[in-house]
Amino acid sequence: MMKPAGIAALLLVLGGAQGGSPPEAGPVPPDGSLPPGTRASLPPIALERRLARRLQATVGDTVALSLEPGGPARAALVVAVYEPPSDPARVARREYGLRLHLPDLAALLGAEDRVDRFAVALREGVAPESAAARFNRIAFGFRAVPSVAIANQASQTFVVVSRFHDAIAVISVVASAVFLLCIMLLKVEERRHDAALMRLIGVRRRTIFGALLLEAVLVAAVGSGLGLGLALLASVATNAYYQRFFDTSLVFSLVTPGVVAFSVALSLGLGVAAGALAAWRLVRTRPVVLWGRG
Amino acid sequence: MTLLRARDLRKDYRLDGEVVHALRGVSLEIEPGDYVAIAGPSGSGKSTLLHLLGGIDAPTAGSVELLGRPLERLPDRELTRLRLTKIGFVFQRFHLLPVLTAAENVELPMAEAGVPARERRQRARDLLAYVGLAHRINHRATQLSGGEMQRVAIARALANRPALILADEPTGELDAATGREILDLFRRLNADGTALVVVTHDEHLAAEARRKIHMLDGRISTAG
Amino acid sequence: MPAALRNLRRHPMRSGLALAGVAVTTAMLLDMVLLSRGIERSFERLLLGRGYQIRVSPKGTLPFDTEATLAGATALRRTLESDPAVEAVGPFLGTSLHARRGDSLVTLFGYGIDPAAQALYQLEEGADLAPGDTAGVLLSRPAAQAIGAGIGDTVSLLGRLDPQTASAAVERRLVVRGLARWLYDYRGQPSVGTVLAVMQDLAWQRAEDRVSAMVVRVREGADLEAVVERLRAAAPRAEVNSVGELVAHFRQRLAYFRQLSSILGTISLGVTVLLVATLMTITVNERLGEIATLRAIGIGRGTIVRGVLAESLVLTVAGGGLGVGLGSVTARYLDQILTAFPGLPAAISFFVPEPRSLALAAGTLLATGVLAGVYPAVLAARAPIAATLRAEAT
């Protein structure tokens with residue numbers, strides 16, 4: 001059985017989006033503009049924290065709500081200030097929200113007995129998909145959708161952002177790999193005279209290769225450690241900046257053990273592989289050629 | 001006019017925290033057309049002396065005058081210009097630019113001196129012919145033998161018609177036969193009026209010189 | 001320069017890797033430069049594509065941002081048209097509606113427009129709507145497919161559905177005049193368009209004469225900012241924005257991408273400088289003997305410095321050239337990813353090549369090449385001649 005939700009959480013754009021003109025709702029001056037004793041009968045509303053700050057309104061204040069700028073306004077009593085759940089999809093839109101009881105909003109809109117949607121709680125054991133299918137068989141002018149499908153659809157934005165980040169990460173890894181290989185090659189080539197000398201006095205290729213590889217491992221390990229430290233700092237800075245910029249508690253950058261393990265494994269792997277390739281190339285070359293005489 | 005005058009040259013430098021007294025008061029004069037050989041055991045200060053005479057190092061004490069100009073008072077730009085136009089250097093390891101051809105290596109100092117392209121190309125050809133390498137003009141330095149490279153280096157040293165050639169062990173990296181070719185070349189150079197100061201271990205090369213200076217422990221031990 | 005090129009060929013593997021590294025970082029730099037301005041340029045082109053420089057929407061909103069509407073559209077239009085600098089005003093209404101397909105209903109997006117003054121579609125096939133054509137409809141191709149209708153067919157559009165009575169308060173049968181590409185549709189969006197009055201009926205907005213927004217075209221030579229200010233004063237209950245102001249709002253929403261592109265672009269530059277500087281420094285160190293000899297034979301410091309900088313530049317420019325090609329490919333790939341954003345107009349692109357962006361990328365790359373060569377050049381110029389020659393001899 002469908003029941004309307006007790007309190008509909010709806011967004012009303014009260015103007016002032018993008019920091020433009022001031023909102024149409026403002027505190028009703030406490031100068032007796034309301035008939036005495038009417039406060040108690042005013043419809044209660046809850047303001048989002050940012051809206052309350054913008055209006056400089058607190059619990060107990062009255063505000064005027066209208067649908068049109070300059071249109072007929074209805075007074076309402078602020079009974080709560082709330083922090084809305086951080087929604088990444090809306091973080092950049094800078095909309096303000098407030099909550100009213102459904103009949104009050106309907107009266108304001110002049111849309112008696114009309115809603116945008118119902119939230120339906122099913123009895124235990126009832127599968128959302130089958131319930132939705134049953135509703136849709138008799139539906140006319142509405143569709144029933146399991147909440148999970150809504151969530152999937154709503155998260156498409158983040159799927160796109162995630163894929164974009166992945167693509168950037170791949171490009172970065174490729175650039176890093178080339179860079180690492182180049183640097184390791186240069187580093188190892190700098191040692192060619194030393195390597196030539198060692199070969200000429202009888203040191204085995206394996207020994208030289210091992211020494212160069214060990215160097216590569218050390219460089220890769222220290223570099224990975226430094227990079228990790230840098231990443232942690234950057235993550236803290238990113239969150240601090242964007243949380244302030246968007247006035248939200250959303251976490252924008254999250255460094256998890258999995259991310260750390262993957263990154264370190266990749267950088268170590270790339271560094272060691274690059275060093276090994278460079279070292280192998282060096283030990284393959286004849287000593288006299290390394291010495292510059294061949 | 002005396003070409004080069006060195007007075008009481010001293011040179012100390014630090015090596016692994018210790019002070020090395022490479023030169024301990026050396027004086028000498030080089031006249032136009034001179035052919036001087038500086039010989040001595042390793043570490044006697046021969047190359048250090050040559051570097052000071054050519055203005056590529058500064059003495060700890062003492063002075064060097066080239067054509068009457070005290071080198072230690074000149075700013076780097078003027079010193080460089082003097083080396084470009086008045087002195088030619090020949091090194092033991094040739095030090096040609098491997099990516100350039102023989103002709104391009106010879107043209108390098110002329111390009112720096114602002115000689116027009118056509119003129120310097122012609123002069124490079126002439127100089128390489130003079131040193132017997134007319135057939136190797138367009139070969140890269142890496143394609144030349146040791147003796148050929150040294151002859152290109154000599155041609156390069158002659159590019160701007162210097163009054164003086166300073167050579168540091170010019171036959172050090174060459175076999176005996178090739179060394180004799182260089183010896184012949186130096187003889188010809190000196191006969192054509194170029195003053196030569198040659199640091200060498202090579203007895204044959206030293207014997208060719210009209211004056212021989214022996215050095216030991218940073219001092220001139222004998223001069224003749 | 002020729003010597004610089006030849007010097008790079010001395011170590012083909014090393015130079016090849018460095019070129020590859022510079023190419024990849026240049027590609028990233030180019031993509032980030034394109035990204036930083038691309039979507040704004042794309043959005044601006046979309047808004048100005050039909051020549052309307054001003055948008056009027058409900059107070060505090062941007063066009064199509066919310067379901068808010070403007071009442072009294074006819075009066076408002078007259079007010080706007082009374083400004084001497086205004087050439088044309090096109091009101092439009094966007095709404096959700098349904099069409100019959102057999103026994104089922106198909107959900108569509110509807111545009112109510114004035115065909116004589118519209119900025120929402122381009123006709124692709126068939127005939128356009130005439131200004132008073134209350135019997136015609138234009139379909140997008142996805143809508144035509146969804147309804148199963150073509151040009152000349154009659155379709156039933158329903159509005160204001162009542163689930164209790166399973167009926168529609170409004171139903172109109174319209175003839176498909178043509179197929180249109182709706183400029184603000186996302187990929188695959190099924191859209192239909194009728195004259196404004198018909199759509200107002202379907203959306204139950206006729207009584208209050210409501211529209212979603214209006215487009216305004218200003219006469220050539222008029223001062224756009226002044227016109228915007230006048231219209232704001234004339235219509236205080238509406239939000240009036242020039243296309244430039246809309247782009248600025250849009251830019252604010254896309255702050256993340258702009259900042260990301262700045263950060264990644266800067267990192268790319270840093271990596272390029274590091275790579276080229278490291279390569280050049282090691283190269284200079286290897287060639288100190290050569291350099292000392294050149295100084296000994298009278299080659300000045302300036303010439304040495306220029307030589308090193310030339311090599312650094314050649315490496316950066318050559319790698320950069322490759323990077324431009326690679327960057328074009330990666331830009332297309334990244335654009336494919338980002339344009340999959342739900343609800344994004346299909347006409348929008350994130351990576352828009354334009355001369356200014358390309359010039360910026362090229363200039364930055366050149367500066368990078370010079371910067372990367374500075375330290376190794378100084379190293380080369382300051383190499384002590386005698387000490388270096390001594391070291392070479394041992």
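## Chain C against chain B

B:D76 and C:R301 form a salt bridge (side-chain Lys or Arg nitrogen within 4 Å of an Asp or Glu carboxyl oxygen), with 3.3 Å between the closest N and O atoms. α1 (2-10), α9 (288-296), α10 (301-338) and α12 (385-393) of chain C each give at least two residues to the side that touches chain B; helices are DSSP runs of H or I, at least four residues, and strands are runs of E, at least two. The rule finds 3 salt bridges across this interface.

This is a predicted model: local features need pLDDT of at least 70, side-chain atom pairs need 80 or more, and totals for chains, interfaces and linings use all residues. Residues are numbered from 1 along each chain as written, chains are lettered from A and ligands numbered from 1 in written order, and side-chain values use heavy atoms, without hydrogens and water.

Contact (heavy atoms within 4.5 Å) takes in 23 residues of chain C and 24 of chain B. The buried area (accessible area, 1.4 Å probe, lost on joining two parts, summed over both) is about 2100 Å², with 58% from carbon and sulfur atoms. C:R6, C:I297 and C:R390 lose the most area in chain C, together 30% of what that side buries.

## Chain C against chain A

Here 55 residues of chain C contact 44 of chain A. About 4400 Å² is buried, 70% of it from carbon and sulfur atoms. C:L17, C:R253 and C:I337 supply 12% of the area that chain C buries, more than any other three residues.

The count is 1 salt bridge. C:E286 pairs with A:R192 in a salt bridge, closest N and O atoms 3.3 Å apart.
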